[in-house]
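This report walks through one protein model, from its secondary structure to its sheets, helices and ligand shell. Please look over the sequence and the model before reading on.

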Amino acid sequence: MIVSVKNLVKRFDKIVAIDHLNLEIEEGEIFGLLGPNGSGKSTTINCILSLLKYDKGSIEIFNKPMKPDAYDIKKDIGVIFQNVAVFDELTVYENISYFCSLYVKDRKEVKRLTEEAIKFVSLEEFTKFYPKKLSGGLLRRLNIACGIAHKPKLIILDEPTVAVDPQSRNKILEGIKELNKQGATIIYTTHYMEEVEQICSRISIMDKGKIIATGTKEELKEMISVGEKIKLEVYNMNEEAVKEIRELSGILSVKYDNSLLTIKSSKGRNNLVRILEYLGAKEIKFSQVYTELPTLNDVFLEITGKELRD
Ligand SMILES: Nc1ncnc2c1ncn2[C@@H]1O[C@H](COP(=O)(O)OP(=O)(O)OP(=O)(O)O)[C@@H](O)[C@H]1O
């Protein structure tokens, strides 16, 4: 086991930030911790890293108890925090080299690893730049390079793509997949469901300090009753018709707003056929039919009754 968290409880005075949380992360996973702002993702990470004292529970990393002075464990962990943490007085090259030298003593090896990290995040043209001269996306890439240059076995990224342009975001996500291919286990926290769907092999969904569901994205979507979302543009719909569609078999909910009819149906075949037959029989005209499979937001909505919000 790479990370094992048992019964973790963390309070800030009266706020219970983490409420009896359990996590097991195995070697080779890209593990996603998905939850809205304030759900407890960063607090969980800070406890895992022994940066925060917790009230109850136990944490093991690489099958050894994690403690504030467990340097043998820490040298094999790379952390990339939400807030960029680099030195303004050092250039791109000097920053990466500095962070790498905290873990690696041999100077030649530090140079080799620094150059490799620069190449990995495509900052070759910016090695002599100071952080203040970098755009937001490039700065994030520097932050990542500083966290991974020493080739850690476990890489923890806490919301590394907040306020990043789409191009840098994709580069970051592709980079994470590559680090995983090279052998690193990844923990990735975010409130963007698309990101965990794109890269994570397993996902835990958090809300109010608790893990409310865990599985692959397919398993999570299997847990809920929504099978698909059907959207149709319909122009002459009255309340009676909305009510009758709601009563068709396999229909979970119906919303009609601004000529758009949104229907959530349960798993199973022929839901769309039944709706179209009904509209045909009632001579209700429609155009544009879209169907969507459930998203992780639907999973969150069904379990918690509220939107994950993107
Ligand atoms: N140092 C602190 N003192 C008091 N309360 C805190 C502290 N840090 C976090 N909290 C509270 O603990 C809860 C969990 O916060 P946390 O930052 O872990 O959530 P998060 O999921 O990482 O959210 P975000 O994406 O906004 O960082 C929140 O209610 C937050 O207000």
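Helices (H or I, at least four residues) and strands (E, at least two) are DSSP runs, numbered from the N terminus. Strand S2 (15-25) and H1 each supply at least two residues of the shell around the ligand.

The model is predicted: local features need pLDDT of at least 70, side-chain atom pairs count only at pLDDT 80 or more, and totals for chains, interfaces and linings use all residues. Residues are numbered from 1 along each chain as its sequence is written.

## Overview

The protein has 11 helices and 14 strands. Its C-alpha atoms fill a box of roughly 80 × 45 × 35 Å, taken along the principal axes. Of the 310 residues in the protein, 37% are buried. A residue counts as buried if 20 or more other C-beta atoms lie within 10 Å of its own, as exposed if 12 or fewer do, and as partly exposed in between, with C-beta atoms placed from the backbone.

Two residues are in contact if their C-beta atoms, placed from the backbone, lie within 7 Å. Among contacts between residues at least 6 apart in sequence, 68% join residues at least 24 apart.

The UniProt record, an unreviewed entry, carries the annotation "domain: ABC transporter" for residues 3-233. UniProt positions are in the numbering used here, feature names are shortened, and annotations may be inferred rather than shown by experiment. Over residues 3-233 the chain is 34% helix and 30% strand, with the end C-alpha atoms 49 Å apart.

The shell around the ligand has 13 residues, of which Phe12, Ala17, Asn37, Ser42 and Thr43 come nearest. A residue is near a molecule or strand if its C-beta atom, placed from the backbone, lies within 6 Å of it. The shell divides into 3 nonpolar, 8 polar and 2 charged residues. In this division Ala, Val, Leu, Ile, Met, Phe, Trp, Tyr, Cys and Pro count as nonpolar, Asp, Glu, Lys and Arg as charged, and the others, Gly among them, as polar.

Which helix gives the most to the shell around the ligand? H1 does, with 3 residues. Helix H1 (residues 41-48) is mostly covered, as 6 of its 8 residues are buried. These are Lys41, Thr43, Thr44, Ile45, Cys47 and Ile48. After H1 comes Ser50, whose phi is positive, near 60 degrees.

Two strands pair if DSSP finds at least two bridges between them. Angles run from 0 to 180 degrees between N-to-C directions, and axes are lines fitted to C-alpha atoms, for helices over the stretch in contact.

Strand S9 (residues 202-207) and S10 run antiparallel and are joined by 5 bridges. Within this pair, Ile203 stands opposite Gly215 in S10.

In helix H3 (residues 92-101), 7 of the 10 residues are buried, so it is largely enclosed by the rest of the structure. Among them are Val92, Tyr93 and Phe99.

## The sheet of 4 strands

Another open sheet has 4 strands in the order S12-S13-S11-S14, with antiparallel pairing. Its edges are strand S12 (251-257) and strand S14 (286-292), each with a single partner strand, so one side of each is left without a neighbour in the sheet. The twist averages 15 degrees from one strand to the next. Helix H9 (residues 239-246) packs on this sheet, touching S12 and strand S13 (260-266), and its direction makes about 160 degrees with that of S12.

| Strand pair | Bridges |
|---|---|
| S11 and S14 | 6 bridges |
| S12 and S13 | 6 bridges |
| S9 and S10 | 5 bridges |

Val234 stands opposite Phe286 in S14. Lys255 has Thr262 in S13 as its bridge partner. The hairpin of S12 and S13 has 2 residues between the strands, and Asn258 takes a positive phi near 55 degrees there.
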